[in-house]
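Colleague: Can you walk me through the helix packing in this one? I have the file open.

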Amino acid sequence: MGGNLVHELEGQNIKLRATEQAIDTSSASGKAFLDMLGVFAEFETRLRQERQREGIARAKAKGAYKGRKPTAQAKAQQVIELTLAGVTREAVADRLGIGRASVYRILKTWRQQHPDAILPGERVKPSLSHSEPATEHVTIAP
């Protein structure tokens, strides 16, 4: 049972009464019992986190814990090659088994390194030719 929800309900003067357990937040003993349950639940969560951190530290010391390998970045060159070949972003993601967001992230990095290049399927803003004057159309509401 989430302690935050109980506190929110109490803030709205809503009381909790469990029918199977002796918990009734309208009484002092029920409120104390519920608070103790919350304290023990938080204590257990923190113990679990400590044990997990200790286990990871031991595994790292043995060289056994390296974390997850970055799958999408390892395929960056393939993403660029497929995109330059005209494969859609979604098809690239499906073919390489990575997410579309990863494809776009890789292409964004590549675009920053190659600012003058145009990728297939990219929307390019037309530049104004030198013969056309740049004009702005502004509408002013009365």
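Modeller: Here are the helices, their contacts and a salt bridge, in turn.

Colleague: What kind of model is it, and how are residues numbered?

Modeller: It is a predicted model, where local features need pLDDT of at least 70, side-chain atom pairs count only at pLDDT 80 or more, and totals for chains, interfaces and linings use all residues. Residues are numbered from 1 along each chain as its sequence is written, and side-chain values use heavy atoms, with hydrogens and water left out.

Colleague: At what angle do α4 and α5 pack?

Modeller: About 140°, with the axes of α4 (residues 76-84) and α5 (residues 89-96) 10 Å apart. Helices here are DSSP runs of H or I with at least four residues, numbered from the N terminus. Axes are lines fitted to C-alpha atoms over the stretch in contact, and angles run from 0 to 180 degrees between N-to-C directions. That makes α4 oblique to α5; under 35 degrees counts as roughly parallel, over 145 as roughly antiparallel, 65 to 115 as roughly perpendicular, and the rest as oblique.

Colleague: Which residues make the contact?

Modeller: Gln78, Val79, Leu82 and Thr83 from α4, with Arg89, Val92, Arg95 and Leu96 from α5. Contact means heavy atoms within 4.5 Å.

Colleague: And what is the angle between α4 and α6?

Modeller: About 85°, again with axes 10 Å apart, α6 being residues 100-113. So α4 is roughly perpendicular to α6. Ala76, Val79, Ile80, Thr83 and Leu84 of α4 touch Val103, Ile106, Leu107 and Trp110 of α6.

Colleague: How do α5 and α6 cross?

Modeller: At roughly 115°, their axes coming within 8 Å. That makes α5 roughly perpendicular to α6. On the α5 side the residues are Arg89, Glu90, Val92 and Ala93, and they meet Arg100, Val103, Tyr104 and Leu107 in α6.

Colleague: Switching to α2, how far apart are its end C-alpha atoms?

Modeller: 51 Å, which agrees with the 51 Å that its 35 residues (28-62) should span at 1.5 Å a residue. The expected span is 1.5 Å times one less than the number of residues. Just after α2, glycine 63 has a positive phi of about 80°.

Colleague: How many salt bridges does the count come to?

Modeller: The count comes to 2, taking a salt bridge as a side-chain nitrogen of Lys or Arg within 4 Å of a carboxyl oxygen of Asp or Glu. One joins the side chains of glutamate 42 and arginine 46, at 2.7 Å from N to O.

Colleague: Where do those two sit relative to each other?

Modeller: Glutamate 42 and arginine 46 are 4 residues apart in α2, so about one helical turn separates them.
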